[in-house]
Amino acid sequence: GLSLRDRSIRTVLSSEPEAASRSGMAPSPELSSEPEAAGGLCRDAPGLEVPSMAAAALPAELIGMILLGLPPHAWGTVARVSRAFRASAALCWENMTELAVVVGADGRIRARFRWWQSAQIPTSEVPGGRSTERVPDAELDGEPGASDPAGGWCGCLDVAGREIGEISVAELSVLLQRFTRLQSLALRDLRLTGRLREGYSRHPGQDATDSVLALCVYLLTRCPHLQALSLLRCVGDAFDTAPSEQRVRSGQPPPCFGRLRSLQISEMDGPGTAGARWLVRCTPNLHLLDLSWSDANFGSLLELPRAIERIDLVGCLAVGEAQIRELVRSPEHGSLMHVSLPSGMPFSVVHTCLQLPRLRALECSGAYSDGGAPRIAIEHAELRALGLSALLLNHACCLELACPRLQRLDLRQDVFVFEGISGLSLACPELELLDVRWNAQLQLKVTAPMAELRSALLEGCAALSAH
């Protein structure tokens with residue numbers, strides 16, 4: 001008969017209405033709450049006999065569905081019931097394809113995970129859309145639960161650490177061993193300690209002291225199925241030194257991480273120029289690259305893969321105007337759809353980016369006018385989102401937008417600078433969100449009906465008048 005050693009499993013398989021309601025399953029009138037081991041029969045009513053069900057006879061999918069209704073910490077207990085339950089418990093861990101290791105508000109490290117069916121991740125095309133590229137930072141702050149299965153996490157594990165936010169390489173390796181088919185991994189606010197024992201043999205010896213590069217190579221080697229890797233404010237001394245005998249031999253071909261589609265290295269030091277070039281050469285199918293507020297330096301952005309669609313360079317002081325122009329004008333990178341420029345770029349660079357035929361979103365904070373023209377015209381047939389906050393203009397200037405597919409427009413000015421643009425002409429019939437706060441001299445002119453407009457932020461526009 002079926003041997004049930006765990007109380008939570010008994011609850012799920014019990015026919016009692018109370019237990020069934022707690023587990024979320026309808027009670028079955030054919031199953032008794034207690035199996036009769038002697039005769040191999042279950043009695044629920046006089047004259048009714050139902051044979052007990054062997055665990056090995058249950059389909060693996062059915063056992064997996066039962067286990068997914070239990071808390072993850074119970075899977076280890078369930079695995080000791082029988083071989084069938086052990087195999088199903090291992091399958092549950094394999095189905096968890098997204099993992100986020102973060103530091104909570106109490107300083108404890110938590111590993112949150114979920115399976116692919118519950119994942120909803122922002123797209124690279126338009127902010128606010130949905131796709132499967134990376135885990136957004138806002139979702140890393142939420143607590144797991146079943147109330148919101150679409151956006152929440154299905155499980156959470158506490159990871160041991162000696163100090164706040166500190167985790168050793170050994171502890172991280174043990175954690176990653178549970179998730180054999182991991183496709184999305186996010187590490188945030190971690191301090192890594194210990195000695196790295198794998199991965200150094202796969203990256204160039206001259207960059208063995210590049211800690212960020214070594215961390216990326218280690219994770220991509222440890223998780224070969226990764227499609228999205230996100231590193232945010234991670235530091236530590238675990239990857240600063242590599243044994244010389246583990247470094248790659250000269251002439252050995254570099255590895256290929258062809259599955260990786262999304263890479264985020266934000267608010268971190270590095271990788272260096274040589275390491276960054278080497279890393280992108282090993283990721284030929286990279287679609288999204290987020291280097292916001294990092295010290296990464298490619299030297300030339302032409303080193304980026306041809307498949308790149310989104311690039312975020314906000315806060316990258318190592319990237320200049322010439323590199324942006326070189327990238328945008330390159331015929332090999334015509335698939336760019338989302339470009340976030342470093343702050344303080346001249347308006348001529350913004351116009352250069354508007355030449356991209358597939359451009360969907362363009363962001364640049366603190367752009368300044370490098371000419372004295374009284375009007376600045378922006379036209380694009382496919383643009384969906386435009387962000388030009390904190391414009392620096394030394395003369396009265398009117399902005400004319402003719403973007404029939406534009407949905408979001410951000411022109412908010414710095415609250416301490418009561419100037420901004422003096423006029424705005426809109427020919428954007430599909431506009432949904434408009435933000436023009438603190439443009440004190442703004443005169444607004446709408447040349448096409450905006451039936452889709454849902455939000456208009458006009459705070460601080462003292463001279464605003466509509467025509």
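What percentage of the 467 residues of the chain count as buried? In this predicted model, 48% of the residues fall into that class. The chain exposes about 22,000 Å², and carbon and sulfur atoms supply 52% of that area. The secondary structure consists of 11 helices and 25 strands. Among contacts between residues at least 6 apart in sequence, 55% join residues that are at least 24 apart.

Helix α8, residues 211-222, is mostly covered, with 9 of its 12 residues buried. These buried residues are V212, L213, A214, L215, C216, V217, Y218, L219 and L220. The cover over them is drawn from both helices and strands: it includes α7 (169-178) and α9, together with β9 (184-188), β10 (191-193), β11 (228-232) and β13. The length of α8 agrees with expectation, because 12 residues at 1.5 Å a residue should span 16 Å and the end C-alpha atoms of the helix are 16 Å apart.

Helix α9 covers residues 273-281, and its buried residues are G275, A276, W278, L279 and V280. The buried residues of α9 pack against α8 and against strand β13, residues 262-266.

Two packed helices are described by the angle between their axes and the distance between the axes. For helix α3 (residues 60-68) and helix α5 (residues 83-95), the axes come within 9 Å and cross at roughly 65°. The crossing of α3 and α5 is right-handed. On the α3 side the contact is made by A60, I63, G64, L67 and L68, and on the α5 side by A84, F85, S88, A89 and C92. By class, the contact of α3 with α5 has 8 nonpolar and 2 polar residues, and no charged residues.

Several loop residues were also examined. Most residues other than glycine have a negative phi. R233, however, has a positive phi, near 55°. R233 lies in the loop between β11 and β12, the latter formed by residues 235-236. The relative accessibility of R233 is 31%, and the residue therefore counts as partly exposed. A positive phi of about 55° is also found at A390, again not a glycine. A390 is located in the loop that runs between β19 (385-387) and β20 (398-402).

L411 belongs to the loop between β21 (408-410) and β22 (423-427). Is L411 buried or exposed? With a relative accessible area of 2%, L411 is buried, because the cut-off for that class is under 20%. Leaving aside neighbours within four places in sequence, L411 is in contact with L388, L399, I421, L424, D435, V436 and N439. L411 and L391 are 20 residues apart in sequence, and their C-alpha atoms are 7.7 Å apart in space.

Key. Residues numbered from 1 in each chain as written. Predicted model: local features only at pLDDT ≥ 70, side-chain atom pairs only at ≥ 80, totals over all residues. Heavy atoms only, no water. Axes fitted to C-alpha atoms, helices over the stretch in contact; angles between N-to-C directions. Helix = DSSP H or I, 4+ residues; strand = E, 2+ residues; numbered from the N terminus. Left-handed = near helix turned anticlockwise from the far one by under 90°. Contact = heavy atoms within 4.5 Å. Nonpolar A, V, L, I, M, F, W, Y, C, P; charged D, E, K, R; others polar. Buried < 20%, exposed > 50% of the residue type's maximum accessible area, 1.4 Å probe, protein only. Areas by Shrake-Rupley, 256 points an atom, 1.4 Å probe, with all protein chains shown as cover. Expected span 1.5 Å × (residues − 1).
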